[in-house]
Amino acid sequence: MSGGVDSAVAAARAVDAGHEVVGVHLALSQDPQAVRESSRGCCSLEDSAGARRVCDKLGIPFYVWDFSDRFKAEVIDDFIDSYARGETPNPCLRCNEKIKFAALLERGLALGFDAVATGHYAQIDSEGHLLRSLDEHKDQSYVLGVLSAEELKHCYFPVGRTKKPEIRAEAARRGFSVAKKPDSYDICFIPDGNTKAFLGAHIGMRPGAIKDQEGHVLRSHDGVYGFTIGQRKGLDIKVPAADGRPRYVTDIDALSGTVTVGPRAALDVTEIKADRIKRLHEAMDGQFDCEVQVRAHGEVVACRAEVTGDEMTLELATPLSGVARGQAAVLYAEDVVLGSGTITGAR
C-alpha cells in the first residue's frame, strides 16, 4: 500500500471480495529528504501514515517492510549506472520489476500469502494474460510489461476495470482520508526533482564534447548523464544550426563522452533491438505482427517482431521518435500485453 487512493481502494475491494488481506507499505529509502512530509514521490512518512489509517478503517493488519537496501542496489544504483552508460532508464518501471513485485512476492509467498494486490491500472483476463486498463488515461500495463509470467500468476489488480474519478468517489464514500490526495510524481529518490544534480553528485565530472552530425565540436559538457535522446532544451549551444532550426540530442556515446545533436528528423527510427526478454503470452516467440510502446503513455505503432532467445528485433511500420537505450519496448496485440525487452539500440 503506497499511501495513495488507488491502493486504498484496491485493499478495500480485496476485503469486500472475501480475501484475507494484510496491508504492506514498503520502506524504500533511509534518506530523510526522500521521506519528509509532502515528498513528491510515493514512499514518504506521510504516505506510510495514510496507508496505516486506511488499514485501521478496514480492520486489517498493517506492516512496513524495509526493502531500502534492495531498492538502492536494484533501482538507484541501476539508475546511476544506466545513465553513466548513456542510457535513459525508467526507475519506476525498474522498481515495479525488482521491488514491488519480485521482492514483495518473494517474501509474501514465503510467508504463505497467495498473491500481491496493488492499485495499478491494468487487468488480468480469465486466461491469465495482462491487459490494458479500462481507463486509457491511467493505464499502467506498460510498466507492468517487465514482470515475468510466473510473477503475473500471483498478481491481482482490483482497480483495473474502473476509471480514476470513480476510484476517488469510492474512496470518499468509504471515508478514506486519501480520497483527494494528488497522484505521486517525479522520482521518489530525487525529491527536489533535479535529476542532473543527483547524477552529477554520484557520477562526477566526465567531460566530453557536443558535436553536430558532421563531427564539428559545438561545446564541451561535464558528463553524458546530463542528456537524453530527443532533448532540445538546455543544450546551451551558442552557434545556430545552418537551417536555423532547433537541434536535438540524437546519439550519446558514453565511452567517448560524445553527445551528437541534429535536426528533428534525425530522431526517427524504424528498427529497434532489445534484450532481457520477458514473455507474458504464448505469441511472444518467433516472428509475428504486433504493436510496440516505448514509453509510459507513449505512442503505439505497428511493427513486425522477431523474438529469439533473449533478443528481439522490431521493424516499425511507422517511425518512432526519440527512442533511447535503456527504455522498455512493450509489445501488444490490441489490449493484450505480449511481453517486453530492454532497448539496446535503434536506427
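A salt bridge is taken here as a side-chain nitrogen of Lys or Arg within 4 Å of a carboxyl oxygen of Asp or Glu, and the structure holds 24 of them. The model is predicted, with local features needing pLDDT of at least 70 and side-chain atom pairs counting only at pLDDT 80 or more, while totals for chains, interfaces and linings use all residues. Residues are numbered from 1 along each chain as its sequence is written, and side-chain values use heavy atoms, with hydrogens and water left out.

We may begin with the nonpolar interior. In soluble globular proteins, nonpolar side chains tend to be buried together. A nonpolar core is a set of buried Ala, Val, Leu, Ile, Met, Phe, Trp, Tyr and Cys residues joined through side-chain atoms within 4.5 Å; buried means under 20% relative accessible area, exposed over 50%, and partly exposed in between (1.4 Å probe, protein chains only). The largest such core has 26 residues, and Phe71 and Phe189 are those with the most contacts inside it. Two or more residues are given to this core by each of strand 1 (23-27), helix 3, helix 4 (91-110) and helix 8; helices (H or I, at least four residues) and strands (E, at least two) are DSSP runs, numbered from the N terminus. Helix 3 supplies the largest share, seven residues.

Rings of Phe, Tyr and Trp (its six-membered ring) pair if their centres lie within 6.5 Å, and planes under 30 degrees apart count as stacked, over 60 as edge-to-face and the rest as tilted. Seven aromatic pairs are found in a search of the whole structure. One of them joins Phe71 and Phe189 edge-to-face, with 5.9 Å centre to centre and 70° between the planes. This pair links distant parts of the chain, 118 residues apart: Phe71 belongs to helix 3 (residues 68-84), and Phe189 to the loop between helix 7 (164-173) and helix 8 (195-203). Both Phe71 and Phe189 are buried. Phe79 and Phe198 form a tilted pair, at 6.3 Å centre to centre and 55° between the planes. Here too distant parts of the chain are linked, with Phe79 in helix 3 and Phe198 in helix 8, 119 residues apart. Phe79 counts as buried because its relative accessible area is 2%, and Phe198 is buried at 14% relative accessibility. Together with Tyr83, the residues Phe71, Phe79, Phe189 and Phe198 form one aromatic cluster. Leaving aside neighbours within four places in sequence, Phe189 is in contact (heavy atoms within 4.5 Å) with Phe71, Val75, Ile76, Phe79, Pro91 and Phe198.

Charged groups also meet rings. A charge sits over a ring if NZ of Lys or CZ of Arg is within 6 Å of the ring centre and within 35 degrees of the ring normal. The charged end of Arg107 is placed over the ring of Trp65, 5.1 Å from its centre, and Arg132 lies over the face of Tyr332, at 3.7 Å from the ring centre.

Several salt bridges can be followed individually. Arg94 and Asp78 meet through their side chains at 3.7 Å, N to O, joining helix 4 to helix 3 across 16 residues. Arg94 is buried, with a relative accessible area of 7%, whereas Asp78 is partly exposed at 23%. In the bridge between Asp236 and Lys238 the N to O distance is 2.8 Å; Asp236 is partly exposed at 46% relative accessibility, and Lys238 is exposed at 68%. Asp251 and Arg325 form a further bridge, at 3.8 Å, N to O. This pair links distant parts of the chain, with Asp251 in strand 9 (residues 248-253) and Arg325 in the loop between strand 14 (311-321) and strand 15 (328-333), 74 residues apart. Both partners count as partly exposed, Asp251 at 33% and Arg325 at 27%. Elsewhere, Asp6, Lys138, Lys164, Arg168 and Asp183 are linked in a network of salt bridges.

Strand 9 also contains Val249, which counts as buried because its relative accessibility is 0%. Not counting residues up to four places away in sequence, Val249 touches residues including Phe227, Ile229, Leu235, Val259, Val261 and Leu267. The C-alpha atoms of Val249 and Phe227 are separated by 7.4 Å, although the two are 22 residues apart along the chain.

Finally, an unreviewed UniProt entry lists residues 270-343 as "domain: tRNA-specific 2-thiouridylase MnmA-like C-terminal"; UniProt positions are given in the numbering used here, feature names are shortened, and annotations may be inferred rather than shown by experiment. In the model, residues 270-343 are 0% helix and 70% strand, with end C-alpha atoms 13 Å apart.
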